[in-house]
Every structure is written in structure tokens, then in C-alpha cells.
Amino acid sequence: MSDAHVTGGAAAGGSAPATGQPYADSAPLIELSQEPIQLSNHDPDNPPGRRFLRSRRARWALAVALAVGLAGVGSLGAAGWRVAQQKDADLATPDTIGTLVRDDRERARSTADYLRSGFAAQIDLDRSFGAVYVDRDDESRPVLVFGGATLLWQPERDLDTLFTLTAGDTGEVTDIREVPAGPLGGVMKCGTTSGEGGDLPVCGWADHGSVVMAMFPGRTVTDAGNLLRAVREKIQTRS
């Protein structure tokens, strides 16, 4: 330290010396501690490391809460989008659907109206319909289809309820299983009940704008599900 000089400093009397002066040997030296200097803005009860951990935990908790909230909003948004997309359903009974031909004879029309009115009595529908189709390839395998259009908030629950009401005197529908609903979405299920000629496949679909049931005498449950998807694509449209 004896060789160190200060240049450009002010003298005690206020005038700058012409040249730098060495420190006097008797001047006290500043001893710098080897430990880091603790600044006064650090809380001794809440050191920086602890605050950092707490802030990280807080940010993580906030991120998790936001993620959960966004997931909830996303699911609500997706549900709302499905309702908006499906709610305005139109149902028709075209003259032909593949090899199926609508049967407009009196007996068939009476049966269709009976099915339509019985179904409409079980659920509040905006519009209802019923139709009987015969297969050009085999008239012993008709398709009886009935249902209607309305706004449904819980399509699957309502479809399950209707399966318990459709069978009537023939007995309950058993072995109900979900089958692919096809491009129109919603839910589609098939089961079996007892008919005069043996087991009778019963299938139905429901979405946020429609619910329809159908009976398929003389067919297997697998064939009934496949045929109902084809029928649906021809009779259901959306506004």
C-alpha cells in the first residue's frame, strides 16, 4: 500500500496539489472481509433462497390452477360447440334409402303412426316422425324407424332411458352396447328384445338435436347397427 498514489484528489485546504502525494504510513487501512457483505434490504427471517423457493412454489401453484381453469373452460367450450353444432336437426323420410323403400300402404302407415305417437308421449319433441321401410331384396326384413327433433342436453342419458321404454310388452332391451355413431356424431347404441319371430334388434341414436329409435326384424345386431348409420345419413340433416 505504501506505493499507491491518489491522483486528481482535493487537498484538505481545498486546492489540488500539483502532484499526487503518497498516503501517510499512519493512515488507517480498510480491511475488506472475505465474507460477502450483507445488505440491509435482506430480511434476516426471510433469506433470498427461501423467498426464491416460495416464489417458485407460488408460481407453480398458480400455473397449475390456471391450467386446470383453462382445461375446464376448454371442456365447457367444446361442449357448447357440440350443442351449437347439433341442436338444429332436420329429419325426413325419403322414398328410398339404398335397397329400402318406404312403405306407404295403410297397414304400414298405421304402424308408423302408432310408433311415432307412442314415442312422442315419452319425450317432449318439437317434431316427430315414424316410417316403415321394406327391403326390395327381402320384404320379410322391414325397418321400423321413429323419433323426432328436440334440444337434448344429455343425449346418452336420454337414449338409455328410451331403451327402457321402447320394448313395451315385448320385454326389456338387453345386451345394450355402444356402436360407432358415424360422421354425424352423438351416441348410437344397439340391443336386443324379444319378438314374435325371435330376437329383435333395437338400435337408436341421440345427439343434441335429435333422438331416433329403430327396429330390425330378421337381422343381426351388427347388421342393424350398420344399417342404422346408413339410414341416419339419409334422413338427418342440420340447419
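Buried means under 20% relative accessible area, exposed over 50%, and partly exposed in between (1.4 Å probe, protein chains only). The model is predicted: local features need pLDDT of at least 70, side-chain atom pairs count only at pLDDT 80 or more, and totals for chains, interfaces and linings use all residues. Residues are numbered from 1 along each chain as its sequence is written, and side-chain values use heavy atoms, with hydrogens and water left out.

Side chains of opposite charge can pair when their charged atoms come close. The structure holds 13 salt bridges (a side-chain nitrogen of Lys or Arg within 4 Å of a carboxyl oxygen of Asp or Glu). One of them joins Lys189 to Glu156, with the closest N and O atoms 3.0 Å apart. Lys189 is in strand E7 (residues 187-195) and Glu156 in helix H3 (residues 155-166), so this pair ties together parts 33 residues apart in sequence; helices (H or I, at least four residues) and strands (E, at least two) are DSSP runs, numbered from the N terminus. Lys189 is buried at 9% relative accessible area, whereas Glu156, at 37%, counts as partly exposed.

Within it, Arg219 and Asp135 have their closest N and O atoms 3.1 Å apart, and both residues are buried.

Arg229 lies in helix H4 (residues 221-235) and counts as buried because its relative accessibility is 18%. Leaving out residues up to four places away in sequence, Arg229 touches Val179, Pro180, Ala181, Gly182 and Met188 (contact means heavy atoms within 4.5 Å).
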